[in-house]
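Welcome! Here is a short briefing to read alongside the sequence and the 3D view.

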Amino acid sequence: METRRLLTPVNSYGSQDGEGRMSLSAASLHPEEEDLRRRLKYYFMSPCDKFRAKGRKPFKLVLQLVKILIVTIQLILFGLSNQMVVTFKEENTVTFKHLFLKDYAEGSEDTYAVYTQADVYDHIFYAVDKYLAIPSETIGRYAYVRAAGANQSALMLCQQYYRKGRIDPANDTFNIDPKIVTECLGVDPPEKIVSPDPVGDFPVYQEPGYSYRNFTLKFYKLINVTIQFKLKAINIQTIINNEIPDCYTFSITIVFDNKAHSGRVKIHLDNRVDIQECKDPSVFGKGDNRLRMFFDVVVLLVCVFSFVLCTRSIVRGLRLQHEFGQFFRQHYNQGVCLSDRMEFVNGWYILLVVSDILTVSGTVMKIGIESKNLASYDVCSILLGTSTLLVWVGVMRYLSFFQKYNILIVTMRVAFPNVIRFCCCVAVIYLGYCFCGWIVLGPYHVKFRSLSMVSECLFSLINGDDMFVTFAEMQQNSYLVWLFSQLYLYTFISLFIYMVLSLFIALITGSYEAIKHQCEGETATTQLHAYIAECKDSPKSGKFRRENSSSCSVFCCCEPTPLEEENVLVVN
């Protein structure tokens, strides 16, 4: 019944006047009932039929199309700006790795480690020396962030170790106190002693002390060593986009990880970025972003107006639903089923309301970023990206009014309940394989080291990606585990590709075939559709224009008359 109801053309109450297959009572000529039928019929008409019925221009449809255009342009402009920010962060992170990590090579993050005490000291002192030599060695223009308090330093060299630790492998004995002690040594950069060089525009610094070279590590109970400091820089490439440059503060942490006590000290560098407004920015001939700000305000106003109209349409649909249900209870002594009540809840309008909320939030944040009051580029990009996605998905509403283009939407609606139930059953098996692979294969296979990595690997296998590599990278240190891995991978691939994936496709294909067969035969109508079909007035009859004496603005925002149903934002 659900499939047949969905197959009914959307404009069946407008340009097509079929015979009602279900009569709830004798043809009633009461003005109240005829008025209700006519308003219900108008509510479910297509935009073309609504134009024929009342002669209203599709101003709201034009508004929605304009919103799609300006939101997309806004996203592109913000994307170009955000790309520069991300590129600046990534390139500086690579620069810091080459500056402060001795003998660093691209792509060696997983294997970059040291194995002797001398190498640990050598890499620590190398990083500190390079930090102190930044003014004279780096190509980029960086500045130190000096200590804020009297007991703090610009660079903190710290080691963490167990308060008591004695390990004697020869006698198989140990004595560990798990309480962690942190010991730090502060290092300050050299002080500036001469004004900027009039020729090179570079300051001159006095030589620093080297007391940090007396820092002694307690290797027998060492957990890790950290080097923490901050640097400042300015991203001037944003001038290309006619934007005022941002000032960056890089919080850099170099970690020498020895918590495994395996004889291998892994080294990695983390870079956290804070963006703030520069003090007294001065860009000759550029940096005026008033036009961009004006465009953001236009997007904001259009989305607010769209939100108001969509909310208005949803509320009026619910009011019409309530009136229809109340009428049925009073005149036919029966209620309206849930499926008929849900016909009045338009999911496309809810999608547009959510899109408008996200666009307004993202635009407000974008204005704050451009005015240098905010620096949440990632949050803003998520809001604007999601809102643009929903706006473009909303375009499918227009295609749903054409039966030949409506096949995707109808197929999704018919197959969706069965697909969800099927996925719930499959998820149980999938999670079982995830936990099993993580606990058994995790120590022996790089793709199974965490639950998220296991899920990614298995999902790739379902789609036929990296099958041979997954088999080949399995370590053969344990023959039993290797044998289990073969059984595990073969059963998973066979089950999910040959059975689960095939059944999933069969569900979609079955829904499509059912729709195609129903299109060739007679379609059934629900109680609501049968009731509306008893109204034989065509859109061109002129009866929908009667008693329509309210004065409307150019955007059709007017108080409706008893015979008038609202003209919703996109197509109604």
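## A buried partner and its salt bridge

D356 is buried, with a relative accessible area of 0%; buried means under 20% relative accessible area, exposed over 50%, and partly exposed in between, using a 1.4 Å probe and protein chains only. Please keep in mind that this is a predicted model, where local features need pLDDT of at least 70, side-chain atom pairs count only at pLDDT 80 or more, and totals for chains, interfaces and linings use all residues. Residues are numbered from 1 along each chain as its sequence is written, and side-chain values use heavy atoms, with hydrogens and water left out.

**Salt bridges**

- Side chains of opposite charge can pair when their charged atoms come close.
- A search of the whole structure finds ten salt bridges, each being a side-chain nitrogen of Lys or Arg within 4 Å of a carboxyl oxygen of Asp or Glu.
- D356 forms one of them with K67, and the closest N and O atoms are 2.6 Å apart.
- K67 sits in helix 4 and D356 in helix 9 (residues 347-370), so this pair ties together parts that are 289 residues apart in sequence.
- K67 is buried as well, with a relative accessible area of 1%.
- D296 and K366 also meet through their side chains in a salt bridge, at 3.0 Å from N to O.
- That pair links distant parts of the chain, with D296 in helix 7 and K366 in helix 9, 70 residues apart.
- Both D296 and K366 are buried.
- R272 and D274 form another salt bridge, with 3.3 Å between the closest N and O atoms.
- D274 counts as partly exposed because its relative accessibility is 30%.

**The whole protein**

- The protein has 16 helices and nine strands; these are DSSP runs numbered from the N terminus, with helices being H or I of at least four residues and strands being E of at least two.
- Of the 572 residues in the protein, 42% are buried.
- The accessible surface comes to about 31,000 Å², and 61% of it belongs to carbon and sulfur atoms; such areas come from the Shrake-Rupley method with a 1.4 Å probe, and for residues only the protein chains shown count as cover.
- Among contacts between residues at least 6 apart in sequence, 75% join residues at least 24 apart, where contact means heavy atoms within 4.5 Å.

**Two helices to compare with their expected spans**

- The expected span of a helix is 1.5 Å times one less than its number of residues.
- Helix 2 (residues 31-43) has 13 residues and should span 18 Å, which agrees with the 18 Å between its end C-alpha atoms.
- Helix 2 is mostly covered, as eleven of its 13 residues are buried.
- The buried residues of helix 2 include E33, L36, R38, K41 and Y43.
- Helix 12 has 35 residues, but its end C-alpha atoms are only 44 Å apart, short of the 51 Å that a straight helix would reach.
- Where does helix 12 have a kink? A kink of about 45 degrees lies at F416, shortly before the proline P417; the bend at a residue is the angle between axes fitted to the seven residues ending there and the seven starting there.

**A nonpolar patch on the surface**

- L431, F435, W438, I439 and L451 form a nonpolar surface patch with about 490 Å² of accessible area together.
- Patches are made of residues with over 30% relative accessible area and no salt bridge, joining like charges within 9 Å and nonpolar side chains (Val, Leu, Ile, Met, Phe, Trp, Tyr) within 5 Å.
- Helix 12 (residues 407-441) supplies four residues, the largest share of the patch.
- I439 has its place in helix 12 and counts as exposed, at 58% relative accessibility.

**Loop residues with positive phi**

- D103 has a phi near 60 degrees, a positive value in a residue other than glycine.
- D103 is found in the loop between helix 4 (59-100) and strand 1 (113-114), and is exposed with a relative accessible area of 64%.
- D172 also has a positive phi, near 60 degrees.
- The loop between strand 3 (155-168) and strand 4 (173-187) holds D172, which is exposed with a relative accessible area of 70%.
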